[in-house]
Amino acid sequence: MKGENKIQLCRVATVPFAFNSSLKLIEKIHGPQIHVTLVSSDESGGEILKSAHIGKFAPINISREISPFQDLLSLFKLIVFFRKHKFDIVHSNTPKAGLLVSLASIFCPKTKFLHTFTGQRWETLTGFKRKLLRFFDKLIIKLDDKVYTDSISQAKYLEEQEIAGSNQLSCIGEGSFGGIDLEKFDIEKKQKYREEIRKALSISNSESVIVFIGRIVRDKGIVELVQTFENLNQFVPNIKLLLVGPFEDSGDPVPEKTKISIEQNPNILTVGHRSDVEKYICASDLLCLPSYREGFPTVVLEAAALEVPSVVADVIGSIDTIIHNETGLLYTLKDDGELSQSLSQLITDIDKRIELGINARKRVIEKFSVESVKTAYIAEYKRILS
């Protein structure tokens, strides 16, 4: 640390969207002890960073995909920017930003470089691209001063996969990249939002609602969720499935058959991407996350803050958001029978659902609020520089 001066911190991500879940935390970190500068591509969402309560937003375009010429240009700009501002710490997240920032560290020896993994893109890939992305993650770990994961189980997984050696990775606090904003996910507004959204979507008070929040793509488990819901709906009639998130037609789209099922089933409701997800959680009775891979899915904790329990696939990252049978239910990934049983249990056993929801909220307040995560991050930044 430079005498009594503030810590000069630069946070870097590939695109503005990558700051969405952590912006509230970053705004709280920026203050008497730390001055924060944000760097990302200047594209959709950049206006939010420009108006954020931080020190500065500096746009440097970073391509999400491999693009040799653009990547070299971005690397050069990052090196010049870091050397000019002489940051104490540069902390990256997202794969491409992490790679370029780690390469830039070679040319900025007086700065501490940190990175946080928030999931692994290579996990569901095969062939050359999987090998290449795994190599990039190893390179980030080798070049940076300290590397974190946003969940405890993810750190163990990367060691098992031989991406990292023993004790090369750690997790700040008990996980979460941005913490949960209890002002936004306000339990006092739950009934108001519940009535508002149910009225807008023509959902009666007698119907139970299962909500999914995220991108509507195959590796989020949408195929299994839709199929399981349709089978369950034959025996439990008064239920709705609410999908909050955008359909993506590139990369990993859901099969046409699944898309038709979603469009034609009157008990499956879609509302697209929403920034006010808290309202749709409040309108629901439980959340389901059948995703194949996650870093640390914040949405489970957001639901927990509103006393809405979750049914979650037992994959790396996701398992850190649930204490099974205490704050929610875990089921075996792609086991439709077990998924159906878990959903049915929480739909029919209202007392159990309420108990899990209350326990889940207590855990969020204690371990994952923005304030508690902020304290852990500031302590870690000071430790790195001491």
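Modeller: Let me start with a definition: buried means under 20% relative accessible area, exposed means over 50%, and partly exposed lies in between, using a 1.4 Å probe and protein chains only. This is a predicted model, where local features need pLDDT of at least 70, side-chain atom pairs count only at pLDDT 80 or more, and totals for chains, interfaces and linings use all residues.

Biologist: Thanks! What makes helix α11 largely enclosed by the rest of the structure?

Modeller: Eight of the eight residues of α11 (298-305) are buried, so the helix counts as largely enclosed. They are Thr-298, Val-299, Val-300, Leu-301, Glu-302, Ala-303, Ala-304 and Ala-305. The helix itself is a DSSP run (H or I, at least four residues; strands are E, at least two), and numbering goes from the N terminus.

Biologist: Which elements do the buried residues of α11 pack against?

Modeller: The partners are β8 (208-213), α10 (277-282), β11 (286-289), β12 (310-313) and α13, where contact means heavy atoms within 4.5 Å. Just after α11, Glu-307 takes a positive phi of about 60 degrees.

Biologist: Why are β10 and β13 placed at the edges of their sheet?

Modeller: That open sheet has six strands in the order β10-β9-β8-β11-β12-β13, with parallel pairing. β10 (268-272) and β13 (328-331) each have a single partner strand, so one side of each lacks a neighbour in the sheet. On average, neighbouring strands here are turned by 20 degrees against each other, direction ignored.

Biologist: How do you know that β8 and β11 pair?

Modeller: Pairing asks for at least two DSSP bridges between two strands, and β8 and β11 have two, in the parallel sense. For Ile-210, the bridge partner in β11 is Leu-286. Helix α11 packs on this sheet, touching β8, β11 and β12, and its direction makes about 170 degrees with that of β11. Helix α12 (336-348) packs on the sheet as well, touching β8, β9 (239-244), β11, β12 and β13, at about 165 degrees to the direction of β13. Such angles run from 0 to 180 degrees between N-to-C directions, with axes fitted to C-alpha atoms, for helices over the stretch in contact.

Biologist: What is the strand order in the sheet of seven strands, and which strands stand at its edges?

Modeller: The order of this open sheet is β3-β2-β1-β4-β5-β6-β7, paired in parallel. β3 (56-59) and β7 (169-170) stand at the edges, because each has a single partner strand. β2 (34-40) and β3 pair over four bridges, and so do β5 and β6. In β6, Val-147 is the bridge partner of His-115.

Biologist: What makes both faces of β6 count as covered?

Modeller: Lys-146 and Tyr-148 on one side, and Val-147 and Thr-149 on the other, are all buried. As background, side chains in a regular strand alternate between the two faces of the sheet.

Biologist: Why is the contact of Lys-240 and Glu-207 called a salt bridge?

Modeller: The rule asks for a side-chain nitrogen of Lys or Arg within 4 Å of a carboxyl oxygen of Asp or Glu. Lys-240 and Glu-207 meet at 3.7 Å, N to O, so the pair qualifies. The two are 33 residues apart, with Lys-240 in β9 and Glu-207 in the loop between α7 (190-200) and β8. Lys-240 is buried at 11% relative accessibility, and Glu-207 is buried at 13%.

Biologist: What separates Arg-383 and Glu-380 along helix α14?

Modeller: They are three residues apart in α14 (370-385), which means about one helical turn. Arg-383 is partly exposed at 45%, whereas Glu-380 is buried at 13%. Across the model, the count comes to 23 salt bridges.

Technical notes: Residues are numbered from 1 along each chain as its sequence is written. Side-chain values use heavy atoms; hydrogens and water are left out.
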